[in-house]
Each structure stands twice: as C-alpha cells, then as structure tokens.
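This report examines selected local features of a structure.

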Amino acid sequence: MVKLSFWKEGRILVDPCCGSGTIPIEAALIGRNIAPGLSRKFISEDWDNIPESIWKEERKSAFEAIRHDADIQIFASDIDPRAIAAAEDNAMEAGVDDCISFGVMDISRFKMPDKKGVVVITNPPYGERIGEEKEIQKIYGAFKNLALDDPTWSFFVITADQNFEKLVFAKPADRRRKLYNGRIETCYYQFHGQK
Ligand SMILES: C[S@@+](CC[C@H](N)C(=O)[O-])C[C@H]1O[C@@H](n2cnc3c(N)ncnc32)[C@H](O)[C@@H]1O
C-alpha cells in the first residue's frame, strides 16, 4: 500500500486510524531502507548448504544500507489509547519509533494546517459491526473536511465499504485496486491531490 502511494522521503505521511501501527511502521522501514526481517532469524540459517559467513556478510551490508539520516515525518493516531500503546511498542521493536509521532485522537479533531502535499494512507473501520454506522458517518465527515481543507493532499484508503468513493469524495478514485484483507474483499482507493 505504501509503495502504491505517492509517499516518499520529505513528504508528510499521516495515518489517522493507525490501530497497532502497521502502515506507519512499514512506511518508516521503507523510508529508512531497513530490509524486511533484518532483526529476525530465518529457518534457512540452519541449512548446511548456506555458510554462516554469507549470512554475516549479507546482514552487515543490510545494516550498512540503512539510511539513518532519511527525512521521514510520519504522524499516526487512533481514537483507542490501547491501540496507540501497542503501536508505540511495535515501532520501538522495529527500531523506527524516532520518526513516527503517535497520538490518541479522534479523526474528527485531526488538523495539520499549512502543510502541502500530505499523503494520507489509512485503513478506517469498515462499519460491518452493528451500531458502527454512526461512527462511520463521523469518520467519513472527517475525511471530507480534510480533503476540502487542502486540495494538495492525497488519500489512499483501503476499505470494504463499496460506497466509500460516493459517500466521501463524491467522485471516482483516480486509481483503484482490489485487495484481500484476510478473507474480506476490499478496495484500495487512491485519490491524487493537486500537484
Ligand atoms: C481497521 S482498524 C486499523 C488497523 C490498522 N491498520 C493496524 O495496523 O492495526 C481501524 C482503526 O480505526 C480506529 N478508529 C475508529 N474510530 C476512529 C475515530 N473516530 N478516530 C480515529 N480512529 C478511529 C479504531 O480504533 C481502529 O484501530
């Protein structure tokens, strides 16, 4: 999802429904050029046909390739304080806690005035649970306000709600991609902001 978006070093990335932090953490890992799985052990490390020296060399070069000085600015928030606590732990474990600002916040209070070209990548609730309808309307209202506030912002939203485009942006997305989130069919809607 991050790689399908416009986001790159130097642009602000926002996930206002970040849950346990998957999107901001993955983005920070990509931005810093941290190889996936760098800190974990692989089963193939026990295979006789791959000498230990190769693992050592490859790990060394992957660590050397990390861009500690990359200009990464990520803002991640969620209404649920337990989700944010988990996201902070996960970011620390991944070694990217210094480039993500986490906060407990209702999306309807989210503001970032005067910032141009912000990229929002997020996975809001789908509204499949009974009683969630009102909350979804509130979240969609907040998306609308953010989109109207500044036409330079871009929105990349994964949701199973097939009415998302119509209800929030009142226009078709610039790009769409069907994706499965587990067994749930979802769509990744991509709305490009003005250049
Ligand atoms: C589908 S989950 C996101 C999962 C996330 N990508 C992850 O890595 O865990 C949707 C999130 O939206 C949050 N949420 C629900 N209502 C919200 C609101 N009004 N403002 C901000 N976040 C909200 C929920 O707490 C939940 O964590």
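How far is the sulfur of C187 from the closest cysteine sulfur? The model is predicted, and in it that separation is 17 Å, the closest sulfur being the one in C17.

## Cysteines

The distance from the sulfur of C187 to that of C17 is too far for a bond. A disulfide is a covalent bond between the sulfur atoms of two cysteines. With a cut-off of 2.5 Å between cysteine sulfur atoms, the count of disulfides comes to zero. C99 likewise is in no disulfide, and the nearest cysteine sulfur to it, that of C18, is 14 Å away.

Both residues are covered by protein. C187 has a relative accessible area of 13% and is therefore buried. C99 counts as buried because its relative accessibility is 6%.

## Strand β7 and its partners

Strand β7 spans residues 184-191 and is mostly covered, with six of its eight residues buried. Strand β5, residues 154-159, runs antiparallel to β7 and is joined to it by five bridges. On this side, T159 stands opposite C187 of β7.

Strand β6, residues 175-181, also pairs with β7 in the antiparallel sense, here over seven bridges. In this pairing R177 stands opposite Y188 of β7. The two strands form a hairpin with two residues between them, in which G182 takes a positive phi near 65°.

## Q190 within β7

Q190 is located in strand β7. When neighbours within four places in sequence are left aside, the contacts of Q190 are L4, F155, F156, A173, D174, R175, R176 and R177.

## Q73 in β2

Q73 belongs to strand β2, which covers residues 73-78. Because its relative accessibility is 32%, Q73 counts as partly exposed. Beyond its neighbours within four places in sequence, Q73 is in contact with R11, I12, L13 and C99.

D98 is placed in the loop between α3 (81-94) and β3 (100-104). Its relative accessibility of 56% is why D98 counts as exposed. The cut-off for that class is over 50%.

Which side chain makes a polar contact with the side chain of D98? The partner is the side chain of R32, at 2.9 Å. D98 can also be placed relative to I74: 24 residues separate the two along the chain, and their C-alpha atoms are 9.8 Å apart.

Most residues other than glycine have a negative phi, and most peptide bonds are trans. N33 is not a glycine, yet has a positive phi of about 60°. N33 lies in the loop between α1 (22-31) and α2 (52-64). Its relative accessible area is 42%, so N33 is partly exposed.

D114, also not a glycine, has a positive phi of about 65°. This residue is in the loop between β3 and β4 (119-122). D114 counts as exposed because its relative accessibility is 72%.

## Ligand surroundings

How many residues surround the ligand? There are 17, and the closest are S20, T22, D78, I107 and E135. A polar backbone atom of I79 is 3.3 Å from a nitrogen atom of the ligand, and a backbone N or O atom of I107 lies 2.9 Å from a ligand nitrogen atom.

E135 contributes through its side chain, in which an N or O atom is 2.8 Å from a nitrogen atom of the ligand. The ligand taken alone exposes 600 Å², and the protein buries 80% of that.

Note on methods. Residues are numbered from 1 along each chain as its sequence is written. This is a predicted model: local features need pLDDT of at least 70, side-chain atom pairs count only at pLDDT 80 or more; totals for chains, interfaces and linings use all residues. Side-chain values use heavy atoms; hydrogens and water are left out. Buried means under 20% relative accessible area, exposed over 50%, partly exposed in between (1.4 Å probe, protein chains only). Helices (H or I, at least four residues) and strands (E, at least two) are DSSP runs, numbered from the N terminus. Two strands pair if DSSP finds at least two bridges between them. A polar contact is a pair of N or O atoms within 3.5 Å; within protein, one must be able to donate a hydrogen and the other to accept it, and residues adjacent in sequence count only if both atoms are side-chain atoms. A residue is near a molecule or strand if one of its heavy atoms lies within 4 Å of it. Accessible areas come from the Shrake-Rupley method with a 1.4 Å probe; for residues, only the protein chains shown count as cover. Contact means heavy atoms within 4.5 Å.
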